[in-house]
Amino acid sequence: MRKWSRRLRRIAIGVLDLPQDVVIEVPRVTMIGHLQMYIENHRGVLQFTEHELRLLLTNGQLLVKGDKLVIRAILKEEVLLEGRISGVTFIQNA
Amino acid sequence: MRNVVKEWSEGHVTVTVRGKRFERLINLAVREGLTIWNITRKEPDLGQCEMMIADFHRLRPLLKETGCRVHVENRNGLPFLLLRMRARAGFVMGIFLFLIGLYMLSTFVWQIEVQGTQNIPPQTVLRAAGKAGLQAGSWKWRMDNPQVLQQRIKLDIPKASYVAVEIIGTKAIIQVVEKVEGEKPIIQDSKHIVAKKKAVIHSIFAETGKTMVKVDQYVEPGQVLISGIIGNDQRQALVPANGKVEGEVWYRSEVIVPLIQNRLVYTGEKQKRHYLLAGSNVLRIWPFETITYKHEKKTEKRYQPSFFDFSLPIGWKMEIDRELEPQIVRMTEQEAIEVAKRFARKDILKQAGEDAKIKEEKVLHVKQENGKVYISIYYSVIENIAMDQPIIPQVPKQEAGQSNQNN
């Protein structure tokens, strides 16, 4: 049933030309240089220090590394992060 | 995403959170719909964030759940400001009293300016304004409006034809337009017109008064030409006589003209000199060597930049020297007579007045002696011979004061 639903969504993306983040639950990340990062569609904060932010996604994790990280604002599905960002890593669940 | 105005007006706090499960706290808070921002992690078990006051109270059950402790670091916004103001009530009262005082003081008139007066003294205007209720220190609310004021001030100053009152802040401006007095007719004393010189009347025209002489009549100085007494024996009246009398007057002028004359004539040689002026010092710049002429005529030009009353102490002077040369000029007798006539005419016209006309010119006598020509010329000139004479002779205050050009 779940597999079938996923296949239907992929078809919808291809046929209707819809943006992927709307249809399949992946995050939309907007970055302004290395200074600011705006992440939509997250599922909660896993770990937050000055050098690292680990966010839970529907299907894995998002790891942001940097320096002097500050969460300027946080909502249920959105995070605005500021600081000196040095790396973004996606960790996919198998 | 953030509403700064709302944050300030409702008040927000900066809190530090001590505890191991900081991330869990944030997730729970977000899920509950709390607004938190500026989240930082300072140490592994110490975080900091900001939140609204209302949300701070909703945080308490979540803290219990995660086992964290909060400590308020900073309070910001209007509610806290009001609290602090309550503690300093006297200070706040002072601010408001000051503002009220400033406003109250601005409802008075502190300064009155009178504009446009030339003959009326400003004190008179100020006094009239004071009577109407406008003076330094009067309260604007108790005062009538400017239209009424200017009406009253105008009634108080008969010499003013218009008064405008304008109040700008604490300053009242009274603009006065003065009445322009009509020209008073000059009252003339009754007078005669008499002859100034010995003459034969050439033309006589009386505007007022009675003509006493006829054309071609010989008159002596002081003889009445136009009488100021009019009427017959029964009824008489005195008037200021006025009119125009022209008479033929004779002059004889003697002129001596030397036949050999020494004159200075330009040779055409000249020299330009440039000087620099600094204060009262003069410094020649060009030329290095100057030529001095035996006879010369100097002309000078100065350039000194000036701005209104201030002039720069530095300037420039240019001098031109023109060389002159003595020359002997010989004249014939005929030329000498011409020169004599020219001088004599100028002299006669000076004696006779500007509007005089030379009627006749006759050379009476020419004599040559010792290199000089003696010439006597006779002139008959038509000129104005009228002169005023007051009729009341007891106090001749202003004999010729009133000329006959009044009308």
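Helices (H or I, at least four residues) and strands (E, at least two) are DSSP runs, numbered from the N terminus. The model is predicted: local features need pLDDT of at least 70, side-chain atom pairs count only at pLDDT 80 or more, and totals for chains, interfaces and linings use all residues. Residues are numbered from 1 along each chain as its sequence is written, while chains are lettered from A and ligands numbered from 1 in the order in which they are written.

Chain A holds two helices and six strands. Its elements run α-α-β-β-β-β-β-β from the N terminus on. Of its 94 residues, 19% are buried. A residue counts as buried if 20 or more other C-beta atoms lie within 10 Å of its own, as exposed if 12 or fewer do, and as partly exposed in between, with C-beta atoms placed from the backbone. Contacts are residue pairs whose C-beta atoms, placed from the backbone, lie within 7 Å. Among contacts in chain A between residues at least 6 apart in sequence, 30% join residues at least 24 apart.

Chain B has nine helices and 24 strands. Buried residues make up 18% of its 407 residues. For contacts in chain B with a separation of 6 or more, 66% come from residues 24 or more positions apart.

The two chains touch. On the chain A side 15 residues take part, in contact with 13 residues of chain B. Strand 3 (45–48) and strand 5 (60–74) of chain A are the elements that give two or more residues to this side. Strand 5 of chain A supplies the largest share, five residues. By class, the chain A side divides into nine nonpolar, three polar and three charged residues. Here Ala, Val, Leu, Ile, Met, Phe, Trp, Tyr, Cys and Pro count as nonpolar, Asp, Glu, Lys and Arg as charged, and the others, Gly among them, as polar.

Strand pairing also crosses between the chains. Two strands pair if DSSP finds at least two bridges between them. Strand 5 of chain A and strand 2 (residues 36–43) of chain B run antiparallel and are joined by two bridges. A73(A) stands opposite W37(B) in strand 2 of chain B. Within chain A, strand 3 pairs with strand 4 (residues 52–57) in the antiparallel sense over three bridges. V45(A) has L55(A) in strand 4 of chain A as its bridge partner. Three residues link strand 3 of chain A to strand 4 of chain A in a hairpin.

Helix 2 (residues 22–32) of chain B has F22(B), E23(B), L25(B), I26(B), N27(B) and A29(B) as its buried residues. These buried residues pack against elements of both chains. In chain A the partners are strand 3 and strand 5. In chain B they are strand 1 (12–18), strand 2, strand 3 (46–52) and helix 4 (60–66). Just after helix 2 of chain B, G33(B) takes a positive phi of about 90°.

Axes are lines fitted to C-alpha atoms, for helices over the stretch in contact, and angles run from 0 to 180 degrees between N-to-C directions. Angles under 35 degrees count as roughly parallel, over 145 as roughly antiparallel, 65 to 115 as roughly perpendicular and the rest as oblique.In helix 7 of chain B, A128(B), A129(B), K131(B) and A132(B) meet L149(B), R152(B), I153(B) and D156(B) of helix 8 of chain B. This contact has five nonpolar, no polar and three charged residues.

Chain B also contains an open sheet of four strands, in the order 17-16-21-18, with antiparallel pairing. Strand 17 (281–286) and strand 18 (295–303) of chain B are the edge strands, each pairing on one side only. Neighbouring strands of the sheet are turned by 35° against each other on average, direction ignored. Nine bridges join strand 18 of chain B to strand 21 (residues 314–330) of chain B. R302(B) stands opposite K317(B) in strand 21 of chain B. Five bridges join strand 16 (residues 260–278) of chain B to strand 17 of chain B. A278(B) has N281(B) in strand 17 of chain B as its bridge partner. The hairpin of these two strands has two residues between them, and G279(B) takes a positive phi near 65° there.

Key:
Two residues are in contact if their C-beta atoms, placed from the backbone, lie within 7 Å.
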